Structure formats: structure tokens, C-alpha cells
Amino acid sequence: MNTKEFLTINGTDYVEFYVGNAKQAAHYYQTAFGFQPLAYAGLETGIKDHTSYALRQGKIIFVFTTALTPESPIAEHCKQHGDGVKVIALWVDDARQAWKETTNRGARSYFEPKTIIDEYGEVVMSGIHTYGETVHIFIDRHNYFGPFLPGFKKWEPAYRPAETGLLYVDHIVGNVGWGEMNKWGKFYADVMGFEQLISFDDKDISTEYTALMSKVMANSNMRIKFPINEPAEGKKKSQIEEYLDFYRGSGAQHVAMATDNIVETISQLRARGVEFLHVPDSYYDTVIERVKEIDEDIEVLKKMRILIDRDEDGYLLQLFTKPVEDRPTVFYEIIQRKGAKSFGKGNFKALFEAIELEQGNRGTL
Ligand code: FE2
């Protein structure tokens with residue numbers, strides 16, 4: 001069997017965050033990002049130790065989960081990491097085979113394959129560990145017709161702010177410890193059959209003060225793209241180190257969500273209180289020389305502070321939020337691809353300088 005064929009992944013199924021207060025997190029993602037209520041699990045559905053809210057926008061499903069007891073491992077996760085990504089769930093055809101093939105290749109099991117049944121059908125799930133305390137859960141839901149997963153009931157609040165045009169997860173970035181990028185790149189290659197798309201070293205990604213290295217791993221149909229970052233030595237502390245300090249280890253750094261109208265999406269998000277990294281005026285003085293002709297009006301992009309980059313396949317528009325919790329850890333990228341398959345290398349310098357400004361304000365540079 002070709003290594004690419006032992007694990008067929010159709011896409012990201014959901015991303016689950018362990019948070020201090022799922023009720024308030026769900027409200028924030030409704031209000032600020034326009035996620036729509038999908039499903040709920042908690043005391044009212046017979047669950048005693050945690051509460052989960054599932055929200056959807058386009059193909060993106062986020063789940064926010066909070067412990068109801070201090071003994072819960074969810075509470076311990078929050079104590080250690082603050083609010084963060086626990087589960088990157090992957091939509092597969094066969095969750096039993098996915099578990100067998102990956103654990104045979106060295107993955108550490110999170111849980112063995114199990115079939116969960118309710119009135120809406122059945123879901124087969126299994127799980128493996130990845131970097132830090134993050135896990136992948138394989139989901140086979142082809143015989144399931146409920147709102148989300150067994151145990152969840154439909155969540156239908158009256159409060160429903162409109163969507164903001166977010167369509168699907170483009171990529172999810174992991175930050176790993178010093179010298180661990182190659183280990184985790186190899187994990188995705190050997191255990192999951194991914195290939196390396198691109199790598200960046202500290203010559204590509206550095207400013208006067210800080211540096212990092214990155215390697216992008218992708219599955220064969222390119223629906224799953226996981227860049228892996230590690231800090232590199234610089235004059236001052238890199239944003240990756242800052243993340244590792246505050247997250248207390250490796251974890252998911254950002255989720256990139258795609259839109260097909262970034263100007264509209266960013267203007268909606270800004271109006272709803274989402275905070276983005278500051279892009280200086282000077283960025284727009286030279287950007288057109290670098291990216292040449294684009295469909296959008298540069299003045300509109302400048303007004304919305306959207307970043308632009310070009311590669312051999314086309315160009316992309318992107319922007320990054322500030323961290324969405326008090327620890328400077330998880331943030332979001334909004335991205336619109338116009339042919340480009342890359343990740344905005346031309347923007348790294350501007351981006352890192354913007355992050356350094358924030359780090360300076362936090363006293364963590
Ligand atoms: Fe990204």
C-alpha cells in the first residue's frame with residue numbers, strides 16, 4: 001500500500017477548545033465571528049462533568065468545552081494551558097483503520113476505536129496524541145444524521161448574529177518546543193503519510209529581534225495542512241517562545257479560516273470587535289511593487305489593513321487577529337486565496353514586527 005493511501009482524510013471535522021467558560025466562549029464566537037449555534041451537551045443531556053457547545057460557520061465546526069468539576073482532566077488542561085485547542089478532529093472514511101494504521105506506525109493512542117449510537121445513527125471514533133497535549137480524533141460519521149455527535153442535542157437559542165463569510169479551515173499551525181520541528185514533521189510524514197510542502201528557516205522568518213523556523217506538512221488531497229513552528233535563536237524572545245511559555249508547552253497556535261470576500265469579512269469582524277494585528281501605513285508603500293496586479297482596490301485593502309502576498313500560482317490576502325484569550329497564545333488568520341497555495345512568506349517580516357510591537361507592550365519581548 002502506498003503510504004499516502006493508508007489514511008484517507010476528507011477534511012477537518014471539528015476543532016475543540018477546552019475553555020474556562022464555554023457558555024461565554026460560545027457567545028463570543030457567535031457575536032464576534034458569526035458562528036451559528038449547532039448543538040449542546042451538558043447537564044440537561046445527561047452529562048455530569050462537562051458542558052460543550054458546538055457552533056458552525058460554513059464547513060467550520062468549533063466546540064467549546066468546560067469542566068463542571070475541579071477533578072476533571074478538562075479543568076486541569078485549562079489550569080495548565082489556559083483556553084486552548086485540545087482536539088483537531090479529522091473526517092475519515094474509516095476511523096478503525098485510521099487508528100490501526102497510525103498506531104502501528106508509532107502514534108500514541110488517545111482512545112481505541114469505539115462506536116457511539118443514539119437515535120440519529122452511529123459514529124465511529126478513535127484518537128491519537130500529537131504535539132503537547134493536543135490530540136487528533138478520527139471521525140467516521142457516514143451513518144450519522146444527528147445535529148453533531150451522539151450525546152449532543154440541537155442548540156437553538158433565539159440569539160443569532162449573522163455569519164461573517166468564513167467558509168472552511170485552511171490550515172492549523174502548531175508551535176512546538178526548541179529542536180522539535182523535525183520530530184513532528186517526521187511524525188506527520190511517518191505516522192499519517194503527510195508530505196512536506198514547504199519549509200522556512202530562520203533566514204526566511206526573522207526580524208532584527210526574533211526568529212522562527214517552520215515546516216508545512218499536508219495530506220495527499222491537501223485538505224489538511226499543518227505548519228509546524230519552532231523558535232529560533234534571536235536577539236530577543238520570539239513569539240513562539242512567548243507562546244510556549246504561556247501555553248506551558250507545545251500546542252495549536254492559529255487556525256486559518258478561509259473566506260471568498262476578505263474585505264467584507266474583515267470589515268464585519270472589525271465592526272464586531274475582533275482585534276487584528278496592526279499593519280503600518282508603510283506596508284502599503286511597497287506592497288504593489290512586490291505583488292503586482294491584483295483584482296482588489298489597494299486603497300480598500302489599506303483601509304482594512306489586509307496583507308497581500310504572491311507566489312508562482314497566484315496571490316493571497318490575509319490578516320491575523322490578536323490572541324483571543326488573556327494568555328498570548330491562540331489567534332486566528334483570515335485568508336482569501338486567489339490561486340496562491342503558499343502561506344504569505346512575503347508578509348512574515350511585517351507580521352513579526354507587528355507581533356513584536358505587541359510583545360513589547362506585554363513586556364515579553
Ligand atoms: Fe497561517
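Trainee: Which residue in β7 stands opposite Ser 109?

Mentor: Ile 128 does. Keep in mind that this is a predicted model.

Trainee: What makes β6 and β7 a pair?

Mentor: Two strands pair if at least two bridges join them. β6 and strand β7 (residues 121-129) have 7 bridges, in the antiparallel sense. Therefore they count as a pair.

Trainee: Why is β6 called an edge strand?

Mentor: β6 (109-118) pairs on one side only, and so does β9 (153-154). They end the order β6-β7-β8-β5-β1-β4-β3-β2-β9 of an open sheet of 9 strands with mixed pairing.

Trainee: How do you know that β4 has pairing in both the parallel and the antiparallel sense?

Mentor: Look at its two partners. Strand β1 (residues 9-18) pairs with β4 in the parallel sense over 4 bridges. Strand β3 (residues 50-57) runs antiparallel to β4, with 8 bridges. Val 63 shows both: Glu 16 has Val 63 as its bridge partner in β4, and so does Ala 54.

Trainee: What lies between β3 and β4?

Mentor: A turn of 2 residues, which makes the two strands a hairpin. Gly 58 in that turn has a positive phi of about 55 degrees.

Trainee: Why is strand β4 called mostly covered?

Mentor: Buried means under 20% relative accessible area, and 8 of the 8 residues in β4 (residues 60-67) are buried. Ile 60, Phe 62, Phe 64 and Thr 66 point one way. Ile 61, Val 63, Thr 65 and Ala 67 point the other way.

Trainee: Now the metal. What makes Glu 333 a donor to the iron ion?

Mentor: The cut-off is 2.8 Å. The iron ion is coordinated by His 171 (NE2), His 254 (NE2) and Glu 333 (OE) at 2.0 to 2.2 Å, so Glu 333 qualifies. The donor spacing in sequence is H-x82-H-x78-E. His 254 in strand β14 (residues 251-258) and Glu 333 in strand β17 are 79 residues apart, a link between distant parts of the chain. Both His 254 and Glu 333 are buried.

Trainee: How do you know that Glu 333 has no salt bridge?

Mentor: A salt bridge needs the charged atoms within 4 Å. The nearest side chain of opposite charge, Arg 337, is 6.1 Å away, so there is none.

Trainee: Which side chains make polar contacts with the side chain of Glu 333?

Mentor: His 171 is one, at 3.0 Å. Gln 318 is another, at 2.9 Å. The limit is 3.5 Å, so both count.

Notes. Residues are numbered from 1 along each chain as its sequence is written. This is a predicted model: local features need pLDDT of at least 70, side-chain atom pairs count only at pLDDT 80 or more; totals for chains, interfaces and linings use all residues. Side-chain values use heavy atoms; hydrogens and water are left out. Buried means under 20% relative accessible area, exposed over 50%, partly exposed in between (1.4 Å probe, protein chains only). Lys and Arg count as positive and Asp and Glu as negative; His and the chain ends are not counted. A polar contact is a pair of N or O atoms within 3.5 Å; within protein, one must be able to donate a hydrogen and the other to accept it, and residues adjacent in sequence count only if both atoms are side-chain atoms. Donors are N, O and S atoms within 2.8 Å of the metal (3.2 Å for Na, K and Ca); water is not among the atoms, so sites may look incomplete.
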